Amino acid sequence: MRPENAPDHAGRFGEFGGRFVPEALMRALDELERAWEKARADASFGHELDALLDTVVGRPTPLYEAKRFSERAGARVLLKREDLAHTGAHKINNTLGQVLLAARMGKKRVIAETGAGQHGVATATAAAYFGLPCVVYMGATDVGRQHLNVVRMELLGAQVVPVEAGSATLKDAINEALRDWVANVEDTHYVIGSVVGPHPYPEIVAALQTVIGNEARAQCHELTGGLPDEVVACVGGGSNAAGLFRGFYRDESVALVGVEAAGEGLNGRHGASITKGTPGVLHGARSLVLQDDEGLIAHAHSISAGLDYPGVGPEHAWLAATGRARYESATDEEALEAFRILGETEGILPALEPAHALAYVLRGKTEGTVLVGLSGRGDKDVATVASALDG
Amino acid sequence: MTALLDHLETARSAGRKLLVPYLVAGIPDVAGFPRALETVAAVADAVEVGLPYSDPLMDGPVIASASERAIRSGVGPLSALELASTATTTCPRIAMTYYNPIHRVGEPEFCRVAAAAGFTGIIVPDIPVEESASLRSAAAEHDLAWVPLVAPTSSAERVKSIAATATGFIYAVSTLGVTGARTSLSERAAPVVAACRAASDLPVLVGIGVSTPEQAREASVSADGVVVGSAVVRHVLERGAEAAAEWLASVRTALDA
Ligand SMILES: Cc1ncc(COP(=O)(O)O)c(C=O)c1O
């Protein structure tokens, strides 16, 4: 039976989602959908993936009680430590699953886009594990600000291709990856890094990330004897949030809160597609997007490359429309402050993306137990933070 | 029968191969575009006008950067329609646009504006047949011909359902990949044309990667004609519309040979 938060046969979450792609890709998407359905029904795929999550990723990741941070937030804060996953972010949960699937489909090459570089590193890692060549498209702006991850990808044997077009960030990297895929669709699998893109990608990525929410729910029970009052995660495309939220979707007492990038402020440049966007079609799906009156996609902005995106996954647009989840936003400045505070109070440097979720929690508007998705670690952002704090 | 199809059938029944050049609205610049359109139209059976878009994911570097340049000079997808309407020509104009601008203004409204600006057809490269029903009926209401794309990866079944929606011509994508020049015509072009022929009596034009008179001639052996994009855009940007028209005349000669 289809869970109520899974898409229908046409890949729709309510009025969002679907498939808006060039005809050349339709066969590949049909094939992917069939391969995914088959893999899901095949116990050996599940076993193989579980073994990879254990031994490659190091799952389960801990649920950590942030005691000193809790004092600052005025709530009991639990952190789901995806920063401790191999390669330093939740992205690897998805890439191992997708590359395992690609290998089963007989694909000879994988490609990916990346914003912060975490998805690129995670794809390069999975590709190395399976012995497949890997090309990663990355906006030129992001190549500059996430240099550490560029070096990591190259050391993992991937080819990193800088993209100069448009805003030279994540949106443009996805365009370039799609162009590559159109040209090489017969032997290449496109490993999309978030719950975006044409059906079946939003469902595949969310399903592969649901391990975060399932673990967190069980761990919260063990630690506190109950459920959290609020579950909070940052939202770029929305994969870590979707994975975490799906673990609590049916627990009606649990508030689900996504935190978008407010960048320089919601009246300036930002990446808050749910808070400020309108319905549109971007990267193959109907969702909420930042655009002008003629439908030209806006240039987003966030200090965190992973949230610097003018769209969002259709599942989130739908969760917002139904009211099951609520979406807030945090500015660059608030994220920097939260980054610093978590370091000082807990000895953890978070990635700038989940620092947005922490910034929301620090507003002190939450009560009881708050479970926050700490989607990645901050090593990649140290240079950005240092220069922002200096400036 | 749509006005576009009527026009193309008249030429086709006279034994003429069809030549459809493509221009990005707003090149070489805003003021020069209407004249460029007229100049190119003079040697064409129809002209495809690309509406500038921020995320042209079916386009290679030549058209994508022309599109970016047009946007920087203030030409968006809607204002492009208006700009094109100021050109004086009897040659049919077909709007090529990504789907989001249509979605943004609303399908019926977009079709109304396009028809009012003198367009006779639309090409939307990123909407599959499964999602296009409401747009197709809005287009039909405004006598805008629907020109669907068929790809080398389309199954026979899909070709059949796609071809059934065509009311202008069928755009046979000759190769996998984005727009841009290729050194030779893909060997996949002929099978795609054959598949379209098997499914429909409408004109079949080959596009994407047709960039020399020889390739146009080769493609039109089986097809009814060609769409020529990046090569035309490059000529207009590098040498001007007159030079582009001269070059198109050489393509015409090759098609007539
Ligand atoms: C650590 C981290 N968190 C979050 C994100 C945002 O992606 P998503 O919204 O898909 O979780 C990224 C993306 O690069 C990331 O690296």
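Nine cavities of 30 Å³ or more are found in this structure, which is a predicted model. By a cavity I mean, on a 1 Å grid over the protein atoms alone, a set of points where a 1.4 Å probe fits but cannot get out. A volume is the space filled by probe spheres set on the points, and grid points are joined across faces, edges and corners.

Two conventions apply. Residues are numbered from 1 along each chain as its sequence is written, with chains lettered from A and ligands numbered from 1 in the order in which they are written. Local features need pLDDT of at least 70, side-chain atom pairs count only at pLDDT 80 or more, and totals for chains, interfaces and linings use all residues, while side-chain values use heavy atoms, with hydrogens and water left out.

Let me turn to the largest cavity. Helices (H or I, at least four residues) and strands (E, at least two) are DSSP runs, numbered from the N terminus. By class, the lining has eleven nonpolar, 16 polar and four charged residues. Here Ala, Val, Leu, Ile, Met, Phe, Trp, Tyr, Cys and Pro count as nonpolar, Asp, Glu, Lys and Arg as charged, and the others, Gly among them, as polar.

Where does the ligand sit? The ligand sits in the largest cavity, in the sense that more than half of its atoms lie within 2 Å of the grid points. Surrounding the ligand are 18 residues, each with a heavy atom within 4 Å of it; the closest are Ser194(A), Gly236(A), Gly238(A), Ser239(A) and Ser375(A). This shell has five nonpolar, eleven polar and two charged residues.

Next come the polar contacts, that is, pairs of N or O atoms within 3.5 Å; within protein, one must be able to donate a hydrogen and the other to accept it, and residues adjacent in sequence count only if both atoms are side-chain atoms. A polar side-chain atom of His90(A) is 3.1 Å from an oxygen atom of the ligand. From the backbone, a polar atom of Gly236(A) lies 2.7 Å from a ligand oxygen atom, and an N or O atom of Gly238(A) lies 2.7 Å from an oxygen atom of the ligand. The ligand taken alone exposes 390 Å², of which the protein buries 97%, with areas from the Shrake-Rupley method and a 1.4 Å probe.

I now come to the pockets. A pocket is an open set of points with protein on both sides within 12 Å along at least five of seven lines.

Of its 27 lining residues, the closest to the centre are Ala165(A), Gly166(A), Pro56(B), Ala64(B) and Glu68(B).

Finally, consider Ser54(B), in the loop between strand E2 (47–50) and H3 of chain B. A polar side-chain atom of Ser54(B) lies 2.9 Å from the backbone nitrogen of Ile297(A).

Key: 1 Å grid on protein atoms, 1.4 Å probe; cavity = no way out; pocket = protein on both sides within 12 Å on 5 of 7 lines; lining within 4 Å.
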